[in-house]
Amino acid sequence: MEKKENTSSVPISRRLSASNAVYSITPFTLLDYPKKTACIIWFAGCNMRCLYCYNPDIVLGKGTIDFKTAISFLESRIGLLDAVVLSGGECTIHKNIIPFIKKIKSMGFLVKIDTNGSNPLVVKDLIFDRLVDYIALDFKSLPETFSQITQSRFFSKFEQSLSVLMHSKIDFEIRTTFHSSLISETQFVKMIEFLESQNYEGKYYVQFFVNNVPTLCQLESSHKEIRIKNYSTSKIKVIFRD
């Protein structure tokens, strides 16, 4: 019988060398990590197929950059950037994501992940091991429309991820992409009520779908009429992003 390698004892650099998980790298951003200079590492592939997804090439494409090359890029940014944002696609579904983040942290960077919440165990491990500093959790919709919008059945996983974040001390945000033909005003109000029922208190960011851009599914134009009202409650501050 072939002897299996104990991966826990294999150096991080060796474990990362063969993984082509990264689709592309945005070398600089001031928008994606609050009050920090950062770069974005875009991970190929996703376990959801959100109808309004702006990154069809990333979600449906394959990685073109291995972890070792990404690390070399980050080494050239030490002292120039504060943080690294891991986005996609969905970064938490990739093999070796944890050793990759360990390497990033060892270089002194803050780490933010953008996640759909479908892998709560990875989220929990990252928080427990202090490998992530900020998390943006996507709240796609309520259960009755979740499968239609995301083409997946991960709402319970999202709930678990939300619970993990709420029981941690990590900085995080909850955000929703709003398309008026996919989420009605009534459903949006119920989403706020759902967050309250989970005892969430804090900011809830809503970003509007941008019309006339390539997406996974061809959608009709979306309007922004809900922004003229104030949906904030005593516990939740609803913030519309431009």
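Me: Hi! Is Ala83 buried or exposed?
Reply: Ala83 is buried, with a relative accessible area of 0%. Buried means under 20% relative accessible area, exposed means over 50%, and partly exposed lies in between (1.4 Å probe, protein chains only).

Me: Before I go on, what kind of model is this?
Reply: It is a predicted model, where local features need pLDDT of at least 70, side-chain atom pairs count only at pLDDT 80 or more, and totals for chains, interfaces and linings use all residues. Residues are numbered from 1 along each chain as its sequence is written, and side-chain values use heavy atoms, with hydrogens and water left out.

Me: Thanks! Back to Ala83: where is it found?
Reply: Ala83 is in strand S3. Strands (E, at least two residues) and helices (H or I, at least four) are DSSP runs, numbered from the N terminus.

Me: And what does Ala83 touch?
Reply: Leaving out residues up to four places away in sequence, Ala83 touches Tyr33, Lys36, Thr37, Ala38, Cys39, Phe109 and Leu110. Touching, or contact, means heavy atoms within 4.5 Å.

Me: What separates the C-alpha atoms of Ala83 and Tyr204?
Reply: They are separated by 23 Å, and the two residues are 121 residues apart along the chain.

Me: Tyr204, OK. Which residues touch the most other members of the largest nonpolar core?
Reply: Tyr204 is one of them, together with Phe43, Leu74, Leu86, Phe100, Phe139 and Phe188, in a core of 69 residues. A nonpolar core is a set of buried Ala, Val, Leu, Ile, Met, Phe, Trp, Tyr and Cys residues joined through side-chain atoms within 4.5 Å. Another core lies apart from it, with 8 residues, including Ala38, Trp42, Val85 and Tyr134.

Me: Changing topic: how do helices H3 and H4 pack?
Reply: H3 (residues 67-75) and H4 (residues 97-106) pack at an angle of about 15°, with their axes 11 Å apart. The axes are lines fitted to C-alpha atoms, for helices over the stretch in contact, and angles run from 0 to 180 degrees between N-to-C directions. H3 and H4 are therefore roughly parallel to each other. Under 35 degrees counts as roughly parallel, over 145 as roughly antiparallel, 65 to 115 as roughly perpendicular, and the rest as oblique.

Me: Which residues make that contact of H3 and H4?
Reply: H3 brings Phe67, Ala70, Ile71, Leu74 and Glu75, while H4 brings Phe100, Lys103 and Ile104. By class there are 6 nonpolar residues, no polar ones and 2 charged. Here Ala, Val, Leu, Ile, Met, Phe, Trp, Tyr, Cys and Pro count as nonpolar, Asp, Glu, Lys and Arg as charged, and the others, Gly among them, as polar.

Me: How do H5 and H7 pack, then?
Reply: H5 (residues 120-128) and H7 (residues 155-166) pack at about 15°, with axes 9 Å apart. H5 and H7 are therefore roughly parallel to each other. The contact uses Pro120, Val123, Lys124 and Ile127 of H5 with Lys157, Gln160, Ser161, Val164 and Leu165 of H7. Its residues divide into 5 nonpolar, 2 polar and 2 charged.

Me: Now for the backbone. Which peptide bond is cis?
Reply: The one from Gly88 to Gly89 is cis, with omega near 20°. Gly89 sits in the loop between strand S3 (83-88) and H4. As background, most peptide bonds are trans, and most residues other than glycine have a negative phi.

Me: What about the phi of Lys35?
Reply: Lys35 has a positive phi of about 65°, although it is not a glycine. Lys35 lies in the loop between strand S1 (22-29) and strand S2 (38-43), and Lys35 is exposed, with a relative accessible area of 83%.

Me: And the phi of Asn96?
Reply: Asn96 has a positive phi of about 70°, and it is not a glycine either. Asn96 is in the loop between S3 and H4, and it counts as buried at 16% relative accessibility.

Me: Last one: is Arg175 buried or exposed?
Reply: Arg175 is buried, with a relative accessible area of 13%, and it is found in strand S6 (residues 171-178). Beyond residues up to four places away in sequence, Arg175 touches several others, among them Asp114, Asp138, Tyr204 and Arg241.
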